[in-house]
Amino acid sequence: MADVSGSEVSEEKEAEMEARRRPRRPWEDAHRSGKVGLTPGLPETLGVYDISAVRREQRDMSADPSLTRFISTELTRGYFLEHNEAKYTERRERVYTCMRIPKELEKLMTFGFFLCVDAFLYVFTLLPIRVLLALLRLLTLPCCGFSGSRLLQPAQVCDVLKGLIMVLCFSMMHYVDYSMMYHLIRGQSVIKLYIIYNMLEVADRLFSSFGQDILDALYWTATEPKERKRDSIGVIPHFLMAVFYVFLHSILIMVQASTLNVAFNSHNKSLLTIMMSNNFVEIKGSVFKKFEKNNLFQMSNSDIKERFTSYVLLLIVCLRNMEQFSWNPEHLWVLFPDVFMVVTSEVAVDIIKHAFITKFNDITADVYSEYRASLAFELVSSRQKNACTDYSDSVARRMGFIPLPLAVLLIRVVMTSVKVQGALSYTCVFLFYLGLVTLKVLNSIVLLGKSCVYVKRANMEDKLFEKPSTPTASSSAKTPSKAEPARCPTPSGESKVEEVPATPCSPPSSSSTSSSSSVTTQPTPRTDLFPPPPTDSSPAAPTSRPPSPSPPPEPEQPAASLCKEEQEEEEEEEEAQAAAELKHRTPKNDLLEVDRFTICGNRID
């Protein structure tokens, strides 16, 4: 054993001495220290690593810093973008989205602009004819007799009220001097006019928001079923309030047009430049805020309304200026650069604003196609027989565009600027009216066709053929649950929430109970329409058949009575919940899923 151990020790000593005699290789020390690993980074030739690569590696890993090595490293260092492929792909998609925004936005703006044109032309073309037809019906009632309980249909009543409001406001506008207002505004300083113009824009939005509620309250008060005739007296204060609102809104738009006219006629054009720069201030107030799809839809509708209103204001300014220069065509070319600057600034501000809003909130450009389909669905729905609102009122609720004040002001300016004298002038006016009617009809046909295409692309045509639910239908739907004596289902809260926003307006042919119910909540079922409870029919069953030795089980009767009491409590809770919902109405969370199919709702502000 001693000889064996001694031989092993001697062999180890010989191996150590042989390793000392062998020349020292630098890559072995580097590998042992862990600074340089045997990686594919070091070129290997015939099993031996390249010593030059090791030396370069050691030179780079030297602890002695130098400026030359830092500069060479900065000039030669590299990086790989594919290591973060998802991030850079997302950035590229954002750029593509920003490039698509102008095209998709202008498609929506163009469609919405022609919707406003259609609602605006309706006031000048079809509304007078409908008012004449309603008055003709009133005059022929004594001869034809009463064919129903109503003298006029609800739509005819609304048309007559609109006509009366326009006539009264137009006669009141004759007492407002446009020239005096123009010179009064022109005498103010530039800063005052800038502040006035901003205040007028804010006031116009507030008037539009509250004005449609006033008009809707008037229409419903005039057309709702009444038990007594003295209840119709409540229409008078609503009518006076509506006339007062339209008159004030018309004056406000007149002041706004006068301020814009002063800016056009100023010598240094500084006021016009300041007013147009106010549009870019809007970018600061909206771009850096959090927006969802519903909020962006509301902003898009507001931009459509603002663009159409600005075009009408430019038309009023051009008419007033052309009248002052005796309708000289050369002066129109003088106004053209200013008009072009106003239009260009509006379009540029809208594109920049929407492009950055979609970028910061990760909204795709396809959302504008959904907005366009939503507006198209409202247009198609208003053409159905069971429509619960007029199309012009639907556009007013959605976009905040109320055509009555703007139409009153435009008629006032045209009547003042254009002098109609002689038979030839009246003939030209009649031909111009026929041209407006033709334009209105063609615009409506094209819009309706485009709307059907957009609705079909969005797969929303099935919603057009859904029948509106009535109290009878709701009661019949709940009849099977009441006819079962063994079980008593309790309605869940989620089903109630889903039924409320999806309920459209009740059709005009429904009963007085359904017509008096709210248009925004599910009507409560009537208990007298239900079939008799099963407890009443159980005693009659033995009389109609021979007696059997087995008597009916008695424990079912208290269960049925308990079920009936619970159902009555549930009905009372539903009625209380519906009443509370009318008082405290919560905003809809998803405009595209709720308000798209409920065209009777107000705008979400």
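Okay, the largest cavity has a volume of about 100 Å³, a volume being the space filled by probe spheres set on grid points joined across faces, edges and corners. By cavity I mean a set of points, on a 1 Å grid over the protein atoms alone, where a 1.4 Å probe fits but cannot get out, and lining residues have an atom within 4 Å of a point. This is a predicted model, where local features need pLDDT of at least 70, side-chain atom pairs count only at pLDDT 80 or more, and totals for chains, interfaces and linings use all residues. Numbering runs from 1 along each chain as its sequence is written, and side-chain values use heavy atoms, without hydrogens or water.

So who lines that cavity? There are 14 residues, with K162, S392, D393, P403 and L404 closest to the centre.

Next, the second largest pocket, at about 1,400 Å³. A pocket here is an open set with protein on both sides within 12 Å along at least five of seven lines. Its lining counts 37 residues, and F124, I411, V414, F432 and L436 lie nearest the centre.

Last stop, S208. Buried or exposed? S208 counts as buried, at 7% relative accessibility; the cut-offs are under 20% for buried, over 50% for exposed, and partly exposed in between, with a 1.4 Å probe and protein chains only. The S208 side chain reaches the backbone oxygen of D204 at 2.9 Å. Leaving out residues up to four places away in sequence, S208 touches Y245, H249, K305, G400 and I402, where touching means heavy atoms within 4.5 Å.

Note on methods:
A polar contact is a pair of N or O atoms within 3.5 Å; within protein, one must be able to donate a hydrogen and the other to accept it, and residues adjacent in sequence count only if both atoms are side-chain atoms.
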